[in-house]
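Please consult the sequence and the structure shown below. The briefing that follows is grouped by topic.

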There are 4 protein chains.
Amino acid sequence: MKCSISHAPMGWNSYDYYDTTVNEQQVRANAEFMAEHLKEAGWEYVVVDIQWYAKNPGSMREQYQYIPFGGLEMDGFGRLQPDVERFPSSAGGRGFGPLAEYIHSLGLRFGIHIMRGIPRQAAEKHLPVWGADVTAADIADPSSICGWNPDMYGVRKNVSGAQEYYDSIISLYADWGVDFIKCDDICNTNLYPHNPYSAAHEIEMLQRAIQRSGREMVLSLSPGPALIEKAWHYQKYANMWRITDDFWDDWALLRNMFDRCELWQDHRRAGCYPDCDMLPLGRLGKGFGAERNTRFSKEEQRCMLSLWCIFGSPLMIGAELTKLDSETLSLLKNQEAFRLTHSAFQGRQFEKNDGCAIWSSKNRETGERYIALFNFLPAPQEISCLLTEVEQFAEDFTPVLKAKELWTQEEIPLQGELLGARLAPHDGKLFKLIG
Amino acid sequence: MKCSISHAPMGWNSYDYYDTTVNEQQVRANAEFMAEHLKEAGWEYVVVDIQWYAKNPGSMREQYQYIPFGGLEMDGFGRLQPDVERFPSSAGGRGFGPLAEYIHSLGLRFGIHIMRGIPRQAAEKHLPVWGADVTAADIADPSSICGWNPDMYGVRKNVSGAQEYYDSIISLYADWGVDFIKCDDICNTNLYPHNPYSAAHEIEMLQRAIQRSGREMVLSLSPGPALIEKAWHYQKYANMWRITDDFWDDWALLRNMFDRCELWQDHRRAGCYPDCDMLPLGRLGKGFGAERNTRFSKEEQRCMLSLWCIFGSPLMIGAELTKLDSETLSLLKNQEAFRLTHSAFQGRQFEKNDGCAIWSSKNRETGERYIALFNFLPAPQEISCLLTEVEQFAEDFTPVLKAKELWTQEEIPLQGELLGARLAPHDGKLFKLIG
Amino acid sequence: MKCSISHAPMGWNSYDYYDTTVNEQQVRANAEFMAEHLKEAGWEYVVVDIQWYAKNPGSMREQYQYIPFGGLEMDGFGRLQPDVERFPSSAGGRGFGPLAEYIHSLGLRFGIHIMRGIPRQAAEKHLPVWGADVTAADIADPSSICGWNPDMYGVRKNVSGAQEYYDSIISLYADWGVDFIKCDDICNTNLYPHNPYSAAHEIEMLQRAIQRSGREMVLSLSPGPALIEKAWHYQKYANMWRITDDFWDDWALLRNMFDRCELWQDHRRAGCYPDCDMLPLGRLGKGFGAERNTRFSKEEQRCMLSLWCIFGSPLMIGAELTKLDSETLSLLKNQEAFRLTHSAFQGRQFEKNDGCAIWSSKNRETGERYIALFNFLPAPQEISCLLTEVEQFAEDFTPVLKAKELWTQEEIPLQGELLGARLAPHDGKLFKLIG
Amino acid sequence: MKCSISHAPMGWNSYDYYDTTVNEQQVRANAEFMAEHLKEAGWEYVVVDIQWYAKNPGSMREQYQYIPFGGLEMDGFGRLQPDVERFPSSAGGRGFGPLAEYIHSLGLRFGIHIMRGIPRQAAEKHLPVWGADVTAADIADPSSICGWNPDMYGVRKNVSGAQEYYDSIISLYADWGVDFIKCDDICNTNLYPHNPYSAAHEIEMLQRAIQRSGREMVLSLSPGPALIEKAWHYQKYANMWRITDDFWDDWALLRNMFDRCELWQDHRRAGCYPDCDMLPLGRLGKGFGAERNTRFSKEEQRCMLSLWCIFGSPLMIGAELTKLDSETLSLLKNQEAFRLTHSAFQGRQFEKNDGCAIWSSKNRETGERYIALFNFLPAPQEISCLLTEVEQFAEDFTPVLKAKELWTQEEIPLQGELLGARLAPHDGKLFKLIG
């Protein structure tokens, strides 16, 4: 059986701030900050995103995000290794072992990003596949590429040595102590619009390799949008999958996430977490050549966090943690909101129209109830919800006395089961109902 | 709140045998048969399908299924009435009241089919809308038609009198004693491929009218395929919705239903039943001009029934009941299989590949477990399932001692949690697991 | 054989200024203006556009452009007649006869707009078809409607009486003296995106009816975009067909017309004129409730006219002619430019890129050569063309001494076969080459 | 200016018989046969198709048509060279020079196939680009591949060295004496369905390189279907372009070619020849592992040849010439039919319906007239055409006395301008009209 993690993962990811360039010291600094300030609120994963195996990443940033035909750290079996320049502790073939060990010592978990497939360079060099009788050229499919990253070829279906290749990299990661694998170019292989789920067999091979490795590892699939017709397959083989393309601090993208959450709300359960992508809060964009604060207003930040929570998405912070301002830090410490990531909570859209959305969530075990209100308009608006109409609450409705808004800690008394509030433009409010 | 029926409806529908031509006597005969032979196994709805208001339906069958610009029985408010020729008890403005009363007297429930919208003839005649200050011409949208039936225009959104029109027809049906409304050309308005959910507002008006009527009525939407992106809206406003286009006794359509069930498996819950359409069993097709036996083999019949049951679809018999052969009748009396229509059962696809499918179902309340095996191939095949791998059973796995196949009543002992069987071409087997 | 008119038609159309509301007096005034001021430059058609048969058109303009279920003037055979209120000379069943006669007396030609199909009201009333044994209900297809106008049903294919219906209306128009028929909802039946050429049989019936009528009539098809895969069919059965949806005074639409002309440039020949739609110049929009001057700058007007001319489109003025300012009038008197509408000229795109387009045209018979330069940018730009590179001119290249710009009458000498000019933003220049 | 060849090219191509495996001796044998038997009827090009640079092509035929990561003959500038094993005369860096010379000595012309782009191996090896300051890695686009052949990467747009690369290969081909270049994966880059004309800039670079080379070379683009919206661009930069995907001896493909010819009929002129692909006649398929005779019946062969001729397609024989039977050879000697490849002839579809097609052609200079009749049905059929209705002939119609069918040499007298004949299933008849 695949890893059946009981809550949506919460953590930090290097991409939004560092792009392809993050190094060991920076990862450690963020992990230390998390251990000291955020672990208590539920945050635990530290994820090194794309290009940790690349030499001189970012050095041609004005031309390419990913340098074509550039240098990659690779062992004799075509398995990528951390760039020793940036990750000195990986010297001597130790890979991410020492870094993982350090992160574990902080009481946290360690994750890495990988690209689907096998390095193109391994195929061109006909390198042997570890544990098999074939070479990379035999299992690499020269017609299966990523549309935006030049490093890999997809692995063929049903050929000898293919599963062995995936086993060989995953067992290496297991040896390193990896707890979380974010695999890219696999959830939606969007270069192939007529066959965007062309890597289904690679998802299956990855999950099989994880189970064979004997180590519990969360399997996270990117990029989105995930394909709703394949929901059952993601649910069977993965733990999280991206429901949109890359998310950034832009209202249009945030507004669009409501449509995606609407679509995926019935596909979340223990071990299965549709993923709204990283939270672009705080300081962002340094690796992209333009460090800046998030463009989201305070209201939009609450709107985003309220949606991610009530929908039950994984939560991955995009900010450089060591530069968090106190207001953002305070948002991220709101344990009462983040409890909604537990699989016992089921979020449901109650209403969505041109002006607003309303969601409910109920804990199947404890009966706890939450309501979130969202204002889509660029103007303030009164939004209200008759709680007796909410399907989740109706079966055995127990009266609600008051509601606590979790970002402001405001408590409001209820008049006749009608929960209402005035919301600033693009604001979101997340209420815990108190009976 | 909408009607929260706790199990998927089971009943009989006039279409597969009678097409547009069914009459009162025939409906009564089928109801009587159901009451005597099938009620005990859970069957209860008797549904009069399309064109009950049309004069001389079927009289131009070689040219048209639906006679354009033909005669319709209609009151002064544009509300369609049963054709008195065919439904004599409706004389004197009594509508379907007497027929409903008779069906209720048998301990059964009564359903009718309607087309979305308002009669084109009512709009051309500028008939008043009951309870409103407007005429049919004000609320009818001349650009909103059905692609295959010429009777109606869609009702406009957000215009005065529109909700009143729907209230006026639904309160009439409530007065008649209708328990079930199958509304057509509304689930997927497929004439408009760029806007196949163009009647969303009419679904909302219908549900509102039902709640205003004060009578519990099941709302069933046709035709399919329902739109997966609108799952939340169907779930909020309807009780069942068709997940495919018209289903008939053809293996290609049955094979395709597995893809549709795969897609909709997570969208079923109390009050919400994705609908696989009528069961084309027994005698069929008389109204279409070619009476015949079902083209499904015995194996395909079991395959179909096993899928409908384990998925938890509504079950509507298409056969003329009074002509059922004993073998078919025996299939339809299998109460143990039809228990799976209860909302406490949750069906899930465990595997689907080119050759077979495997589904599981578990009762959330009682813990009862079922497994269904399906052979897609035109050749016999051994199919097996390791029960410990099934996600639904895994959490607190209790050993299985034997399994009873429900169509054959065969019991097989289990060897080490592996349930296997040899299936004939296109066969389905439905097992109840016994711990 | 269909009418093989030797040049693209030039005229005036009532729509851009009057929408649905034009009346006889207004038509006469425009015709008189044309005869006096424009005929000499080649303008000759006077076309009454949509809804001449409707009662009180425009009276519900804020709700509907076309009043649903409104009053239509119709004879006993379902043939629409001019609204007597607006066209008094049509009284006594004389139709457009007197108006056509008047226009002919001015040395001009007369055109009318029709909608594809037969009035819905004729079908509902089962009116007889003139010259056939059937009624409108037998030939009307209730599933074939226009997406934006509620008046008609399409006529069925291959049914008795269908051709007779089209014969009956066209012979009526021939009797009236109609020279030009603009049929709408037929070139692209865009309500049916999977079958946008669903009225192909009606185009054929129309052309057959015209030939049977014995009167030469130009057949013009709307709306666009015409379907390039059906080019051969338009060419066989029609004289002009719209290559875009409605064109208005908006740069984005004008820019887009270059893409459409590029596509259709090889499909123009004697009797066949792909149509860029009316010229929204001068005073516009009164019938739409907002009379105004064209929003096109002087440069954009020259750009438009240069493209229509060098491509060889029909030219239909949208302005209210009696209100033309002198500058616009002077543009419209440029006979030297309008000679390019002759079928002996063949226009060809030489270059198109993000910033500009260059077209050439050559008269197959006289060898006359033209070049047009177009600036797509919102900034001035130098654009030039090496004439020896132009395919049309290459075969037997004769040196060019100078070029005359036709809107400004400026003459420029040529340096070494390079024709260049500085163009203002969105400007177009049309040069006649002088050898 | 590009090569303005005055008739559609006629020749032989190695692919249909040899797949990837053709060698020098085989090319010479076919050339010799052509010179002796076919040159007189107009055949002149000898084209070596795909993979002449590959080592051991065909050696893994059951797995791959094109061996991934296999050996390629390549110079130090990434320019592919003939495989010396198969083309011994290329030894010592002489490339195809000696073979071209031999073919020229027979009075024929020599053509080669190339894949768009630059070898992937050249990019991985960072080989220098001849005549530029960059390496293959700088101009290769790792996201631009062919979907079915693993050899190349597309060349980037607007980067330094890109044009130089194309100049470097084309000047090499010019040195060799190449007369005809068939470039593949360029006419429709169908791996990219949202951008199937993604190699437009490579077409432009190729044409520019040809003009810079100073040698007249025909530029032929594959594979189809060509994009009708880009017709102007093919016409400007290429001499022929494939209007369908690969054509083989299958009636469904032949029937489909009528739809494609219908679409492209107006886009043919001197120097511009839409291309129906090779003629799969005679012996075929040896390199594919299954040598066989064409599956086309004699009637289908005449149907195909009649269509290719009256449409005016290039004609490329797919058969192994040395194995031609006498009947096929006789078809291929029909000079009177092949005259229609001249650009002065313009073919036009007169009619196409479910059962048949009728085409006309007229020579703009001589006035010669042809008619072709085609029977789509699997049964014999009488097909006739009223010659006075044919638009091309109408302008100055001169009476027709008789018609000669060109494949049978039968002459039939004409009754009243009606040309008719009885056609066997799938037959085609090509008539020369005699006045």
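**Salt bridges, chain contacts and cysteines**

Glu24(B) is buried, with a relative accessible area of 6%; buried means under 20% relative accessible area, exposed over 50%, and partly exposed in between (1.4 Å probe, protein chains only). This is a predicted model, in which local features need pLDDT of at least 70 and side-chain atom pairs count only at pLDDT 80 or more, while totals for chains, interfaces and linings use all residues. Residues are numbered from 1 along each chain as its sequence is written, chains are lettered from A and ligands numbered from 1 in the order in which they are written, and side-chain values use heavy atoms, with hydrogens and water left out.

**Salt bridges within chains**

- Over all chains the structure holds 124 salt bridges, each being a side-chain nitrogen of Lys or Arg within 4 Å of a carboxyl oxygen of Asp or Glu.
- Side chains of opposite charge can pair when their charged atoms come close.
- Glu24(B) pairs with Arg28(B) in a salt bridge whose closest N and O atoms are 3.3 Å apart.
- Both residues belong to helix H2 (residues 24-38) of chain B, and because Arg28(B) and Glu24(B) are four residues apart there, about one helical turn separates them. Helices (H or I, at least four residues) and strands (E, at least two) are DSSP runs, numbered from the N terminus.
- Arg28(B) is partly exposed, at a relative accessible area of 25%, whereas Glu24(B) is buried.
- In chain D, Asp167(D) and Arg212(D) meet through their side chains in a salt bridge (2.7 Å, N to O).
- Asp167(D) lies in helix H6 (residues 162-176) of chain D and Arg212(D) in helix H7 (residues 200-213) of chain D, so this pair ties together parts that are 45 residues apart in sequence.
- Asp167(D) counts as buried at 17% relative accessibility, while Arg212(D) is exposed at 53%.
- In chain A, one network of salt bridges with shared partners joins Arg255(A), Asp259(A), Glu262(A) and Lys352(A).

**The interface of chain C and chain D**

- Chain C and chain D each give 23 residues to the contact, where contact means heavy atoms within 4.5 Å.
- About 2,100 Å² is buried between chain C and chain D, and carbon and sulfur atoms give 46% of this area. Buried area is the accessible area (1.4 Å probe) that two parts lose on being put together, summed over both.
- The rule finds six salt bridges across this interface.
- One salt bridge joins Glu391(C) and Arg269(D), with the closest N and O atoms 3.0 Å apart.
- On the chain C side that touches chain D, the elements giving two or more residues are helix H8 (231-237), helix H9 (251-264), strand E14 (345-352) and helix H13 (391-394) of chain C.
- E14(C) supplies the largest share of that side, five residues.
- Lys236(D) forms a salt bridge with Glu351(C), the closest N and O atoms being 3.3 Å apart.
- Lys236(D) lies in helix H8 (residues 231-237) of chain D and Glu351(C) in strand E14 of chain C, so the pair joins two chains.
- Lys236(D) is partly exposed, with a relative accessible area of 22%, and Glu351(C) is partly exposed at 21%.

**Relations between the chains**

- Copies are superposed by least squares on the C-alpha atoms of residues with pLDDT of at least 70 in both.
- Chain A superposes on chain D by a rotation of 180° with 0.0 Å of shift along its axis (RMSD 0.0 Å), which is the relation of a two-fold axis.
- No contact joins chain A and chain C, whose closest C-alpha atoms lie 19 Å apart.
- Chain B and chain D likewise have no contact, and their closest C-alpha atoms lie 19 Å apart.

**Cysteines**

- Over all chains, a search of the whole structure finds zero disulfides; a disulfide is a pair of cysteine sulfur atoms within 2.5 Å.
- Cys146(A) has its closest cysteine sulfur in Cys183(A), 10 Å from its own and too far for a bond. Cys146(A) is buried, with a relative accessible area of 3%.
- The sulfur of Cys385(A) is 9.7 Å from the closest cysteine sulfur, that of Cys356(A), which is too far for a bond. Cys385(A) counts as buried at 1% relative accessibility.
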